[in-house]
Amino acid sequence: MKRIHIGRRAALAGGVAAFASPAVLRAQSDPIKLATLTPLTGAGGSYGPTMAKVAASVVEEVNKAGGVLGRKVVLVSEDDQTSPEPAVRAARKLIDVDKVVAIMGTWASSVTTAVAPLCWESKTFLCTVSGADSITQLPHQGFLIRTQPNSTLQVSRVGEFILSLGAKKVFTMIPQTPFTQATFDILNAVLPKGGATHQSLIYDDKKTTYRTEVDQALRASPDVILANGYTPDSIVLLKDLYRAGFKGKILGFAYSINQKLIDQIGQPEVVEGVYTFAPSPAEGSAAYEKVKAAVGSANPDPYTCQVYDHTNMVLMSMAFAKDASGTAIKDNIRKVTQGGGKTVDNAVDGIKAIAAGEKIDYTGASGPCDFDDKGDILDCKFRYEQIKSGKFTVVKIA
Amino acid sequence: MLSYLLFIATVGGIYGLLALSLNLIWGGAGMVNLGLAGFFAVGAYASALLTTAGHAPIAVGWLAALVAGGVAGLVVTLSTTRLREDYLAIVTLGFAEVVRLLAANEIWLTRGSDGISGIPGPWKAALGPAFNAVYFLIVVAALAVVFFVVRRIDRSPYGRALRAIREDAQVAQVAGKPVLRFKTEAFALSAAIAGLAGALYGHFTSYIAPDLFLPLITVYIFLAVASGGTGRPAGALVGAYLVMTLLESSRFLVEWIPGVTAVQRAALKELLIAVALILVLRLKPSGVLPERIPPAPHQAR
Amino acid sequence: MRAWRPALRQGMILLQALVNGLVSGTLLAVPAIGFTAMFAVLRFPNFSVSGVATLGAFAGYLAYGAGLQMAGSLAVAFAVAGAAGLLFDKVAHLPLVKQGALPAAIASIATGLVLENVVRLGFGNEPRGYDRPIARDIYLGEIRVSPQQLETMALALALMLAVFAALAFTRIGKAMRASADNPELAALKGIRPERIAMMASFVGMGLVGVGGMLLGLDSSIDPLTGTRILLSIFAAAVLGGLGSAPGAVLGAFLIGVAEELSVLVVGSQYRAAVGFVAILIVLSLRPRGLLGERAF
């Protein structure tokens with residue numbers, strides 16, 4: 001029996017080897033597919049393109065240095081339109097048709113919440129820049145990490161900053177988002193400790209005017225208003241606050257109160273004195289300099305820095321695991337980001353070190369990139385700015 | 001490629017269900033339902049909520065979708081069936097809009113514009129990649145059942161009465177047919193079918209959100225029924241697949257046009273559908289399959 | 001002692017809602033008159049008013065950006081919208097009215113979509129503003145109103161007065177009223193129905209287009225500008241009595257105030273639902289509307 005088996009096997013091997021070798025070679029040279037799913041249009045449209053661009057530049061560098069596991073890396077970039085429904089369709093296409101092993105860069109919390117189940121069900125690894133707490137609490141079985149500080153961390157720091165401005169009556173105006181309730185809960189806890197009261201309202205982010213909402217807010221006579229929406233509705237809200245003659249301080253998040261907003265509003269008096277707040281990338285680091293060069297900007301936004309880190313970490317995880325799959329990334333990513341070895345800040349160096357058998361510890365453009373077991377980062381810095389005469393000036397980085 | 005075609009065929013089947021639903025009342029009783037998207041949404045949310053938050057089995061969810069759709073249909077017709085068709089048009093349009101608003105704003109219930117993700121699919125984990133094929137068969141089965149039911153109605157005295165109401169409600173009333181009751185029943189059944197279609201859609205894509213239930217869907221279905229042949233269930237099915245073909249081929253067509261942005265591509269697709277509907281209404285309002293009015297049965301002498 | 005304070009506060013809040021409602025009602029009245037007039041003469045509900053309002057808003061935006069002053073831009077909005085109305089009525093809707101009001105109504109939904117997407121093709125989805133100076137509001141006691149709102153209100157009122165005057169005093173206006181009232185009799189008297197229909201299409205849609213622009217002046221415009229107010233326009237017309245222009249004005253004011261008051265009760269997200277609820281109530285209790293279904 002065995003002999004026949006071996007005989008057959010040999011015959012088969014011989015016959016098949018003739019045209020199997022190209023197949024074997026083909027399998028080895030099958031490219032590894034990664035994807036970015038970022039907002040190229042919609043409320044987050046000012047960030048998506050550079051996020052995709054920096055990922056492409058990392059992939060290009062790694063391919064020039066020989067790829068990963070001897071294979072070329074191919075990047076597919078899709079637009080999620082900053083909306084869950086197109087995002088889900090795009091994710092299905094990436095997972096079912098393109099068969100990517102990792103998706104990187106989902107921005108809006110609602111997009112990430114909708115796309116995450118598709119990823120963990122298909123064992124595709126997801127790297128996100130969304131901040132809502134609920135995201136890492138999903139049952140993602142380890143297939144998700146995020147490089148953005150979660151809402152608890154962010155809103156606590158915001159609350160502390162507001163108190164440092166001397167606020168006594170704070171009013172939050174925010175649309176319905178996955179982090180709305182968390183924002184209320186945390187501010188309700190933090191602000192009274194500093195002697196300030198907190199009220200809030202939820203508005204519809206698709207409206208063209210907010211007179212009534214502004215009326216409601218001003219009735220509480222706040223000295224600080226936290227304007228926590230996205231860019232399009234923040235434009236309308238700031239205009240309506242100005243029209244109503246609000247004389248107090250306004251604070252918002254830098255992802256919505258940005259240069260584009262200032263340009264669209266057009267009148268500097270409307271935004272004069274508005275404070276903004278954002279997690280701060282690791283400015284001054286070599287990784288940060290690389291991102292600057294890759295996207296051609298002196299001030300890359302934090303999300304672009306994070307996607308740079310996503311791409312590097314995913315590639316190095318696959319090299320470390322000697323396997324290019326979502327599961328391999330999930331099981332090995334912390335070994336390359338907090339493995340307690342040589343500090344590296346890019347995949348080319350990291351992959352070389354892995355090939356040489358060294359342990360590595362990735363520190364990136366967005367910060368130290370160390371994750372807990374739920375996928376949250378352990379710490380990062382924040383940047384506080386104020387708009388003066390139509391320009392952003394730094395108040396502090398802490 | 002196969003999975004893409006399966007996806008198209010399945011969604012086309014779901015649109016077919018909606019087309020059958022519309023055909024029942026428009027082709028049947030001459031009532032217009034501009035709020036199809038609303039009943040679609042009601043069924044989808046009913047099933048999604050029951051099976052995710054309520055942990056109910058999927059079959060229960062689908063049954064609930066049928067019932068929810070039917071009840072919603074009853075609610076809408078309560079104040080409007082005795083009134084004119086153009087008022088019904090406005091009211092059903094408003095209904096769809098209110099459903100969308102409720103879905104987007106009653107966050108505690110519907111998770112708002114984030115939508116409901118992770119809707120379970122029948123035997124999804126066990127089937128793995130075969131899920132899409134099996135689901136397609138489920139949709140075909142649902143289509144067959146509904147098609148059979150609708151055709152029986154079409155050919156029955158009830159169906160003839162509905163058509164009589166379509167042609168001239170006053171005459172039908174004079175002839176002794178309980179116009180109001182028939183119209184209400186037909187509308188409720190039609191809404192129930194639309195609700196079931198919504199549930200099937202939600203469990204197929206595993207994700208629903210208020211923005212999915214735009215009035216645009218209603219336009220697609222009108223195009224399906226108008227182009228396939230009003231008043232004929234087979235026509236509704238033919239029309240649904242015609243619309244799917246138009247939608248998907250326009251996706252590819254538009255990709256060939258150089259220098260268009262993603263937004264412009266989407267706009268061109270919608271434009272194509274809208275123009276197609278106008279053309280069909282103007283040039284071939286009876287559709288591809290003309291109406292077949294079965295003769296009344298012989299009276300026994 | 002100070003017990004009347006909270007009551008005064010509530011009173012002020014209500015008064016502000018009333019003022020906001022009057023402003024939005026005045027703006028809503030313009031397209032509502034157009035819609036109801038078209039219904040009276042052409043005999044079908046024209047759902048494409050959503051697309052035409054958007055078209056008018058963008059046409060006015062282009063004119064304003066090109067340097068035309070307010071009056072000129074409004075005229076452009078009127079003309080472009082009116083022309084679009086004329087075109088689509090002639091090509092798509094009126095030929096179908098012979099089959100009934102429904103096929104024409106369904107076709108009008110499609111034409112509304114066509115217009116919305118033509119605008120989207122040209123301008124994308126991003127909202128645009130008219131580049132008007134953002135000024136502080138004027139305070140009359142505790143009630144605030146913006147100078148922009150006052151300006152658009154004045155424009156809307158002027159336009160409405162002009163329309164009513166034309167209907168009452170000009171020959172063509174009287175002919176339109178006669179034709180809407182009793183088409184056969186009017187035809188016997190030599191009033192040509194096609195002429196009247198064209199007039200209704202052009203003027204009716206022109207008003208809708210101007211309405212769209214006036215709405216956008218204070219805030220911003222995007223392809224969905226007209227769709228957002230569709231239900232409110234219907235509600236105003238149905239409430240006042242389909243076919244009655246004074247009814248449309250009355251209905252518009254009532255809907256405007258109702259929407260503002262509803263914000264105080266259910267929050268601003270359900271504003272659009274007010275129109276729907278109003279329609280349901282009217283159709284159940286008094287289908288002919290407040291001023292009855294008489295023409296003009």
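Biologist: How many residues does the contact take from chain A and from chain B?
Modeller: The contact (heavy atoms within 4.5 Å) takes 15 residues from chain A and 13 residues from chain B. This is a predicted model, where local features need pLDDT of at least 70 and side-chain atom pairs count only at pLDDT 80 or more, while totals for chains, interfaces and linings use all residues. Residues are numbered from 1 along each chain as its sequence is written, chains are lettered from A in the order in which they are written, and side-chain values use heavy atoms, with hydrogens and water left out.

Biologist: What area is buried between chain A and chain B?
Modeller: About 1,300 Å² is buried there, with carbon and sulfur atoms giving 56% of it; buried area is the accessible area (1.4 Å probe) that two parts lose on being put together, summed over both. A:Glu85, A:Arg92 and A:Gln176 supply 36% of the area that chain A buries against chain B, more than any other three residues.

Biologist: OK, switching over: what do chain C and chain B bury between them?
Modeller: Chain C and chain B bury about 3,500 Å², 78% of it on carbon and sulfur atoms, and this contact takes 41 residues from chain C and 38 residues from chain B.

Biologist: Which side chains meet in a salt bridge there?
Modeller: The rule finds one salt bridge across the interface of chain C and chain B, and in it the side chains of B:Glu270 and C:Arg120 meet at 3.7 Å, N to O.

Biologist: Last topic, inside chain C: at what angle do the axes of helix H6 and helix H8 cross?
Modeller: In chain C, the axes of helix H6 (residues 171–181) and helix H8 (residues 193–218) come within 10 Å and cross at roughly 105°. That makes H6(C) roughly perpendicular to H8(C), a label for angles of 65 to 115 degrees. Helices here are DSSP runs (H or I, at least four residues), numbered from the N terminus, and axes are lines fitted to C-alpha atoms over the stretch in contact, with angles running from 0 to 180 degrees between N-to-C directions.

Biologist: Which residues meet there?
Modeller: C:Ile172, C:Ala175, C:Met176 and C:Ser179 in H6(C) meet C:Ile196, C:Met199 and C:Ala200 in H8(C).

Note on methods: Helices (H or I, at least four residues) and strands (E, at least two) are DSSP runs, numbered from the N terminus. Angles under 35 degrees count as roughly parallel, over 145 as roughly antiparallel, 65 to 115 as roughly perpendicular and the rest as oblique. A salt bridge is a side-chain nitrogen of Lys or Arg within 4 Å of a carboxyl oxygen of Asp or Glu.
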